[in-house]
Amino acid sequence: QVQLVESGGGLVQAGGSLRLSCAASGRTLSTYPMAWFRQAPGKEREFVAAISWSGGATNYAGSVKGRFTISRDNTKNSVYLQMNSLEPEDTAVYYCAAAASLAYRYGNYAPQTSYNYWGQGTQVTVSS
């Protein structure tokens with residue numbers, strides 16, 4: 001059974017930084033795109049960033065571009081999200097996800113609806 005476990009969330013002041021980690025177990029996800037999503041209270045889940053299987057291609061939501069960096073280490077079956085210049089609007093539960101179906105193996109990107117493995121989330125709270 002595949003498990004994605006996020007860590008690194010917490011409380012930080014505006015302008016600060018956090019680094020989220022997501023470790024996968026139960027299956028190697030190194031050949032699939034992975035992504036981070038977030039959900040703020042009372043809002044729908046939204047896309048944050050995605051990374052290709054090799055790490056060579058990345059994509060970001062406009063609201064985080066230039067502030068967040070997604071990366072991965074396939075030797076550790078892990079993906080990361082470095083978040084800088086955090087704003088109160090970044091407050092949310094952050095989830096990592098993998099598009100681990102055959103159609104997206106060795107793919108650069110996957111449609112958001114194609115992410116089929118999800119972590120339990122980690123809370124990020126940014127105070128003003």
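Q: Okay, strands are DSSP runs (E, at least two residues), numbered from the N terminus. With that in mind, where does Asn77 lie?
A: Asn77 lies in the loop between β7 and β8. Bear in mind that this is a predicted model.

Q: Got it. Is Asn77 buried or exposed?
A: Asn77 is buried, since its relative accessible area is 14% and the cut-off for buried is under 20%.

Q: And what about the phi of Asn77?
A: Phi of Asn77 is positive, about 55°, even though the residue is not a glycine.

Q: Let's look at the strands around that loop. How do β7 and β8 pair?
A: They pair in the antiparallel sense, over six bridges. Strand β8 covers residues 78-83. To find one of the contacts, look at Ser71: its bridge partner in β8 is Tyr80.

Q: Which sheet do they belong to, and in what order do the strands come?
A: It is an open sheet of four strands, in the order β1-β3-β8-β7, with antiparallel pairing.

Q: Which strands stand at the edges?
A: Those are β1 (3-7) and β7 (68-73). Each has a single partner strand, so one side of each has no neighbour in the sheet.

Q: By how much are neighbouring strands turned against each other?
A: By 15° on average in this sheet, with direction ignored.

Q: New topic: how many disulfides does the structure hold?
A: It holds one disulfide. That disulfide joins Cys22 to Cys96, with an S to S distance of 1.9 Å.

Q: Remind me, what is a disulfide?
A: It is a covalent bond between the sulfur atoms of two cysteines.

Q: Where do Cys22 and Cys96 lie, then?
A: Cys22 is in strand β3 (residues 18-25) and Cys96 is in strand β9 (residues 92-98), so the pair ties together parts that are 74 residues apart in sequence.

Q: Is that disulfide right-handed or left-handed, and why?
A: The torsion about the S-S bond of Cys22 and Cys96 is about 45°, so the disulfide is right-handed.

Q: Are the two cysteines buried or exposed?
A: Cys22 is buried, with a relative accessible area of 1%. Cys96 is buried too, at 0% relative accessibility.

Q: How about the rest of β9, is it mostly covered or mostly open?
A: Mostly covered: six of the seven residues in β9 are buried.

Q: So which strands does β9 pair with?
A: Its partners include strand β4 (residues 34-39), which pairs with β9 in the antiparallel sense over six bridges. Here Gln39 stands opposite Val93 in β9. Strand β11 (residues 122-127) also pairs with β9 in the antiparallel sense, over three bridges, and Ala92 stands opposite Val124 in β11. With strand β10 (residues 117-118) there are two bridges, again antiparallel. In that pairing, the bridge partner of Ala97 in β10 is Trp118.

Q: Last one. What sits in the loop between β9 and β10?
A: Tyr106 has its place there. Its phi is near 60°, a positive value in a residue other than glycine.

Q: How accessible is Tyr106?
A: Tyr106 is partly exposed, with a relative accessible area of 47%. Asn77, back in the loop between β7 and β8, is buried at 14%.

Technical notes: Residues are numbered from 1 along each chain as its sequence is written. This is a predicted model: local features need pLDDT of at least 70, side-chain atom pairs count only at pLDDT 80 or more; totals for chains, interfaces and linings use all residues. Side-chain values use heavy atoms; hydrogens and water are left out. A disulfide is a pair of cysteine sulfur atoms within 2.5 Å. Buried means under 20% relative accessible area, exposed over 50%, partly exposed in between (1.4 Å probe, protein chains only). Two strands pair if DSSP finds at least two bridges between them. Axes are lines fitted to C-alpha atoms, for helices over the stretch in contact, and angles run from 0 to 180 degrees between N-to-C directions.
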